[in-house]
Amino acid sequence: MRRRIMAGLAGLMLAGCMQETPALPDACGAGALQMLRGQPGEALDGMALEGPVRVLPPGAMMTMDHRPERLNVELDAAGRIARLWCG
């Protein structure tokens, strides 16, 4: 009986430690910026973007940390915006 109680308490304690925060599908606003695809990378220069922005030229190395609020902008070989996404 005592083992069951201890196991139940341990389970409750672990459940309290695990807090999942729901990921917002477009926390960085990439959805509203898709019209920039195909535009020169300089199109971002005059924009007032909130939150962190990471611009990735062709072949750039990037960290694998996922930050939903960060806007990622991938440029193609011509310096045009090829892709925008959160992460």
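A disulfide here is a pair of cysteine sulfur atoms within 2.5 Å, and by that rule the count comes to one disulfide. Before you start clicking: this is a predicted model, where local features need pLDDT of at least 70 and side-chain atom pairs count only at pLDDT 80 or more, while totals for chains, interfaces and linings use all residues. Residues are numbered from 1 along each chain as its sequence is written, and side-chain values use heavy atoms, with hydrogens and water left out.

**First stop: the disulfide.** Select C28 and C86, which are joined with an S to S distance of 2.0 Å. The torsion about their S-S bond is about -85 degrees, so the disulfide is left-handed. The pair links distant parts of the chain, 58 residues apart: C28 sits in the loop between α1 (2-17) and β1 (53-56), and C86 in strand β3 (residues 81-86). Helices (H or I, at least four residues) and strands (E, at least two) are DSSP runs, numbered from the N terminus. Both C28 and C86 are buried (under 20% relative accessible area, with a 1.4 Å probe and protein chains only).

**Next stop: the partner strand.** Now select N72 and W85, another bridged pair. Strand β2 (residues 71-75) and β3 pair in the antiparallel sense over five bridges; two strands count as paired if DSSP finds at least two bridges between them. Five residues lie between the strands of this hairpin, where G79 takes a positive phi near 85 degrees.

Show β1, β2 and β3 together: they form an open sheet of three strands in the order β1-β2-β3, with mixed pairing. The edge strands, β1 and β3, each pair on one side only.

Technical notes:
Buried means under 20% relative accessible area, exposed over 50%, partly exposed in between (1.4 Å probe, protein chains only).
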